[in-house]
Amino acid sequence: MLFQDTALIYGRYLRQSLRSRFALLFGVLMPLLYLLFFGPLLTGLPLGGHGSSWQVLVPGLLLQLGLFGASFAGFAIIIEKSHGVVERMRVTPVSRLALLLGRVLRDATVFVFQAVLLVLAALVMGLRAPLPGVLIGFAFVALLTVSLASLSYALAMKVGTPQEFGPAINAMTMPMMLLSGLMLPMTLGPTWLDVLSHFVPFRYLVDAVRDAYVGSYATAHMLYGGLVALAFTALAVTVGTRVFRTAGA
């Protein structure tokens, strides 16, 4: 029943996304702009890591796509709440976990598709990375999307208006972006900033994907990144499911 319910919810929201093709394409616009206008500035610069500047920048842009896209996914729940859609779904026998999983799996599908477009554009501009590393990067984008979208939906179920939701999400995403080394490795900064960044779980995902893009798979970064991603996803889905069971619409 859980599988059937999840497939039902997933199909409903995926069809909605496919009807909005502009949203699919414009969702990848910001990382593409970074790729086009920021990437060439880094060419040839010593970035304190292995591989080319593209192998440093592109993994960060992939995770930036998941970070900002999934974090703001909760806006859709706020709109549905105002129209009574969430309340009608919650009185059906559909599993509460399926109500969450169907949504977040749709989000993961959309952002992995956008990540593929971003990598294709990066290949044209000069990125060279092993195929297994690229696929690992997509897996991390999917896990990050599932975890952050789950928390975003949970928060949206708790707040009443977009005016409350937007500032709360900005307050959480900006420190994650600045302290995770998305654009440049944190090792380039002062020691205190590098140490502080290790308290941001997102940092471990960025380091893991960068290792994957240079073909280094059996590293501590890959181990820590994988463990953090799986643990964060499990925790976020648990929190999201509990909120869907208890929060009022």
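Just after helix H10, Gly181 takes a positive phi of about 75°. This is a predicted model, so local features need pLDDT of at least 70 and side-chain atom pairs count only at pLDDT 80 or more, while totals for chains, interfaces and linings use all residues. Residues are numbered from 1 along each chain as its sequence is written, and side-chain values use heavy atoms, with hydrogens and water left out.

**Overall layout**

- The chain's secondary structure comes to 13 helices and zero strands; helices (H or I, at least four residues) and strands (E, at least two) are DSSP runs, numbered from the N terminus.
- Reading along the sequence gives the pattern α-α-α-α-α-α-α-α-α-α-α-α-α.
- A compact globule of 249 residues would have a radius of gyration near 18 Å, and the chain agrees with its 18 Å. That radius is taken over C-alpha atoms, and the globule rule is 2.2 Å times the number of residues to the power 0.38.
- Along its principal axes, the C-alpha trace spans about 55 × 40 × 35 Å.
- Of the 249 residues, 48% count as buried. Buried means under 20% relative accessible area, exposed means over 50%, and partly exposed is in between (1.4 Å probe, protein chains only).
- Take the contacts between residues at least 6 apart in sequence: 79% of them join residues at least 24 apart. Contact here means heavy atoms within 4.5 Å.

**The nonpolar core**

- The largest nonpolar core has 67 residues, and Leu63 and Phe202 touch the most other members. Such a core is a set of buried Ala, Val, Leu, Ile, Met, Phe, Trp, Tyr and Cys residues joined through side-chain atoms within 4.5 Å.
- As general background, nonpolar side chains tend to be buried together in soluble globular proteins.
- Leaving out residues up to four places away in sequence, Phe202 touches Leu63, Leu67, Leu144, Met176, Ser180 and Leu182.
- Leu67 sits in helix H5 and counts as buried at 0% relative accessibility.
- With the sequence neighbours up to four places away not counted, Leu67 touches Leu144, Leu148, Thr173, Met176, Met177, Leu182 and Phe202.
- Leu67 and Met174 are 107 residues apart along the chain, yet their C-alpha atoms are separated by 9.8 Å.

**Aromatic pairs and a charge over a ring**

- There are three aromatic pairs in the structure. Rings of Phe, Tyr and Trp (its six-membered ring) pair if their centres lie within 6.5 Å; planes under 30 degrees apart count as stacked, over 60 as edge-to-face and the rest as tilted.
- Phe72 and Phe75 make a stacked pair, at 6.0 Å centre to centre with 5° between the planes.
- Phe75 also pairs edge-to-face with Phe165, at 4.8 Å centre to centre and 75° between the planes.
- Phe75 lies in helix H6 (residues 75–82) and Phe165 in helix H10 (residues 162–180), so this pair ties together parts that are 90 residues apart in sequence.
- Phe72, Phe75 and Phe165 form one aromatic cluster. Phe72 is partly exposed at 24% relative accessible area, Phe75 is partly exposed at 27%, and Phe165 is buried at 0%.
- Arg12 lies over the face of Tyr13, at 4.9 Å from the ring centre. The test for this is NZ of Lys or CZ of Arg within 6 Å of the ring centre and within 35 degrees of the ring normal.

- The expected span is 1.5 Å times one less than the number of residues.
- Buried residues of H10 include Phe165, Ile169, Thr173 and Met176. Among the elements covering the buried residues of H10 are H5, H6, H9, H11 and H12.
- H13 (residues 220–246) has 27 residues and reaches 39 Å from its first C-alpha to its last, close to the 39 Å expected.
- In H13 the buried residues include Met222, Ala229, Thr233, Val237 and Phe244. The cover over the buried residues of H13 includes H6, H7, H8, H9 and H12.

**Arg203**

- Arg203 is found in helix H12 and counts as buried, at 5% relative accessibility.
- Not counting residues up to four places away in sequence, Arg203 touches Leu179, Ser180, Met186, Thr187, Asp194, Ser197 and His198.
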